[in-house]
Amino acid sequence: MTNICTPDQTYIDYKVTENFWFSELIQSDTALKLGIDNTPTEDLKINLENSCKYLFQPTRDILGKPVLASSVFRSDKLNAAIGGASRNGKQTSAHCYGYAMDFKCPSFGDSFKIASYLVEQYKIKKIKFDQIICEYPGTPGSWVHIAWKSPSGAQRGQILTAKKIKGKTQYLSGLHK
């Protein structure tokens with residue numbers, strides 16, 4: 001048994017796909033620090049497993065290198081605690097639905113190189129997705145956000161770049177350095 005969610009709870013870990021373990025999908029240092037239960041419901045667990053099968057593992061296979069997931073599933077409480085996407089008090093992040101992963105792949109390259117390659121390869125391999133977001137390219141903490149589906153279940157194929165403009169995060173259509 002592995003402690004991955006809160007200090008007082010333990011869960012049996014298992015391999016979801018060739019390169020991803022369930023513990024990686026729900027692990028959160030912030031949840032542990034704040035004592036937030038980051039355990040998905042059975043429905044959300046299915047979303048996580050499908051996202052892994054249809055997008056996260058294919059992404060890992062395309063890159064051919066280990067990916068370092070920094071955030072996958074987020075409970076509503078965790079998403080609110082970190083200031084994740086919300087509207088009118090409702091958590092709207094695809095992470096809350098088990099559909100998104102934020103990651104780096106240092107042995108492949110920076111976030112811009114990764115996002116650019118994934119856009120090309122998803123098209124070639126006909127991999128459906130909701131979003132690829134190159135988050136803050138050119139900064140030391142930059143990462144890539146991929147989502148298999150939106151919270152509504154759509155696969156919009158959005159390609160975006162997140163940049164700080166006048167101190168506020170803005171999402172630009174397409175990939176920008």
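How many disulfides does a search of the whole structure find? Zero, where a disulfide is a pair of cysteine sulfur atoms within 2.5 Å.

## About the model

This is a predicted model, where local features need pLDDT of at least 70, side-chain atom pairs count only at pLDDT 80 or more, and totals for chains, interfaces and linings use all residues. Residues are numbered from 1 along each chain as its sequence is written, and side-chain values use heavy atoms, leaving out hydrogens and water.

## The cysteines

Take Cys105: its sulfur sits 13 Å from the closest cysteine sulfur, in Cys134, which is too far for a bond. Cys105 is also buried, at 1% relative accessibility. (Buried means under 20% relative accessible area, exposed over 50%, partly exposed in between, using a 1.4 Å probe and protein chains only.) Cys96 is buried too, at 5%.

## Helix 5

Helix 5 covers residues 111-125. Helices (H or I, at least four residues) and strands (E, at least two) are DSSP runs, numbered from the N terminus. Buried residues in helix 5 include Phe112, Leu118 and Tyr122. Among the elements covering its buried residues are helix 3 (42-63) and strand 6 (100-104).

Just past the end of helix 5, Lys126 takes a positive phi of about 55°.

## Strand 6

Four of the five residues of strand 6 are buried, so the rest of the structure largely encloses this strand. Strand 6 runs antiparallel to strand 8, with four bridges joining them; strands pair if DSSP finds at least two bridges between them.

How values were computed
The expected span of a helix is 1.5 Å times one less than its number of residues. Contact means heavy atoms within 4.5 Å.
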